[in-house]
Amino acid sequence: MMQVLDITPKRWQDSLKQAITDPQELLDRLSLPNELLDQAKAASQLFPLRVPNEFLNRMEAGNPNDPLLKQILPIGDEFIQTPGFTEDPLNESEARPTPGVVHKYQDRALLILSGACAINCRYCFRRHFPYSENQLSGEHWQTALAYLKGHKELREVIFSGGDPLVTPDGRFSNMVADLEEIPHLERLRIHTRLPVVIPSRVTEQFIDTLQHSRFDSVVVLHINHANEIDDSLRHAVTNLKKSGATILNQAVLLKGVNDCADEQIKLSRALFSAGILPYYLFLFDPVAGASHFDIPIEQGKKIFAQMQKSLPGYLVPRLAKEISGKTSKTLLISS
Ligand SMILES: *Cc1c(COP(=O)(O)O)cnc(C)c1O
Ligand code: SF4
């Protein structure tokens with residue numbers, strides 16, 4: 001019988017459901033040594049393992065140091081307690097005027113659309129976030145809208161999470177429509193990793209919503225390593241650009257993943273050839289359970305200085321740190 005290749009894109013919801021959450025399955029799929037299992041099981045109790053197949057397929061089998069694997073593999077180091085590494089490193093609990101809204105900076109506010117993510121990144125500063133109290137479901141959505149309406153200094157709404165694109169397209173476009181009723185809002189920004197880890201998330205309906213919105217839209221992706229960029233992602237970005245949205249990237253400097261100038265330079269080039277501009281390169285937030293990803297600020301500045309030397313200005317992201325209580329992200333200058 002003839003073998004028929006299935007080239008129809010999978011529904012992104014199916015990909016979400018089929019994401020790998022069992023440490024044993026992860027190790028088997030990547031032919032990794034079973035010695036990693038006990039640690040992986042233990043640390044996944046702190047923060048569950050979750051990785052979609054589309055992302056796993058970009059990892060190198062048999063390589064425990066794969067830079068994509070390191071972002072998602074639960075390890076024993078997560079039990080290390082380091083002074084200064086806390087559950088709420090950005091003091092977000094103090095900046096929430098109403099559930100699901102984080103308003104720290106003058107002309108833009110962040111809306112927490114969903115607590116869920118397609119992938120669980122071990123270094124995430126939201127690994128301890130009390131999402132159950134802070135989702136914009138039902139009555140909270142109305143309170144959030146009232147807050148935005150009452151704050152005329154706001155020009156931009158940022159959909160964040162978790163991952164805001166876990167929200168189904170229908171509900172997403174209703175939310176955008178509600179926001180369009182608020183006259184002082186001009187821009188819509190979406191911070192998401194979903195199109196990176198499940199490129200089929202860039203649906204026609206999503207593109208259509210952005211394209212027909214009165215808002216100028218910005219999609220900020222989260223890609224830390226050039227190996228995350230494959231043909232399916234390039235294709236998704238090409239489609240997304242039809243909406244007219246500006247596509248940017250933010251990355252985090254992570255020990256053992258991308259903490260050298262060569263990798264960062266490669267990333268900037270790969271982003272550009274995929275149609276994405278580098279926006280921020282963040283120094284790691286001191287989140288409890290992830291101190292093993294931290295690198296010294298001085299090293300970050302050195303990497304940055306080399307990037308500046310090697311790349312055109314438009315491919316150099318802003319090296320930044322979030323310091324709680326400030327009126328914007330804090331930019332760092334190279335040494
Ligand atoms: C990071 C962040 C923003 C966006 O900051 P930009 O510098 O505009 O990218 C907005 N609100 C909050 C609460 C943030 O943490
Ligand atoms: S919020 Fe972003 S960084 Fe954190 S787990 Fe979700 S996708 Fe990863």
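Guide: Welcome! Let's start with a pattern: S3, helix H6 (residues 169–180) and S4 make a right-handed β-α-β unit. Keep in mind that this is a predicted model.

Visitor: Thanks! How many bridges pair S3 and strand S4, and in which sense do they run?

Guide: When reading strands, look for the bridges that pair them. S3 and S4 (residues 187–192) pair in the parallel sense over four bridges. As an example, Glu156 has Arg187 as its bridge partner in S4.

Visitor: Which strand is joined to S3 by six bridges?

Guide: That is strand S2 (residues 108–114), and S2 and S3 run parallel. Here you can find Ala109 opposite Val157 of S3.

Visitor: Why is S3 described as largely enclosed by the rest of the structure?

Guide: For this we use relative accessible area, and buried means under 20%. In strand S3 (residues 156–161), six of the six residues are buried, so the strand is largely enclosed by the rest of the structure.

Visitor: Now the ligand. Which residues surround ligand 1?

Guide: Among them are Ile158, Arg189, Tyr279, Tyr280, Glu322 and Lys329. Next, look for polar atoms facing each other. Arg189 has a polar side-chain atom 2.7 Å from an oxygen atom of ligand 1. For Lys329, an N or O atom of the side chain is 2.9 Å from a ligand 1 oxygen, and for Glu322 a polar side-chain atom lies 3.3 Å from an oxygen atom of the ligand. Taken alone, ligand 1 exposes 390 Å², and the protein buries 93% of that.

Visitor: Where does Glu322 lie, and is Glu322 buried or exposed?

Guide: Glu322 sits in the loop between strand S8 (318–321) and strand S9 (330–331). With 14% relative accessibility, Glu322 counts as buried. The side chain of Glu322 also makes polar contacts with two lysine side chains: Lys104 at 2.9 Å and Lys329 at 3.2 Å. Lys104 and Lys329 are themselves among the residues around ligand 1.

Conventions:
Residues are numbered from 1 along each chain as its sequence is written. Chains are lettered from A and ligands numbered from 1 in the order in which they are written. This is a predicted model: local features need pLDDT of at least 70, side-chain atom pairs count only at pLDDT 80 or more; totals for chains, interfaces and linings use all residues. Side-chain values use heavy atoms; hydrogens and water are left out. Buried means under 20% relative accessible area, exposed over 50%, partly exposed in between (1.4 Å probe, protein chains only). Helices (H or I, at least four residues) and strands (E, at least two) are DSSP runs, numbered from the N terminus. Two strands pair if DSSP finds at least two bridges between them. A crossover is right-handed if, with the strands pointing away from the viewer, the path from the first strand over the helix to the second runs clockwise. A polar contact is a pair of N or O atoms within 3.5 Å; within protein, one must be able to donate a hydrogen and the other to accept it, and residues adjacent in sequence count only if both atoms are side-chain atoms. A residue is near a molecule or strand if one of its heavy atoms lies within 4 Å of it. Accessible areas come from the Shrake-Rupley method with a 1.4 Å probe; for residues, only the protein chains shown count as cover.
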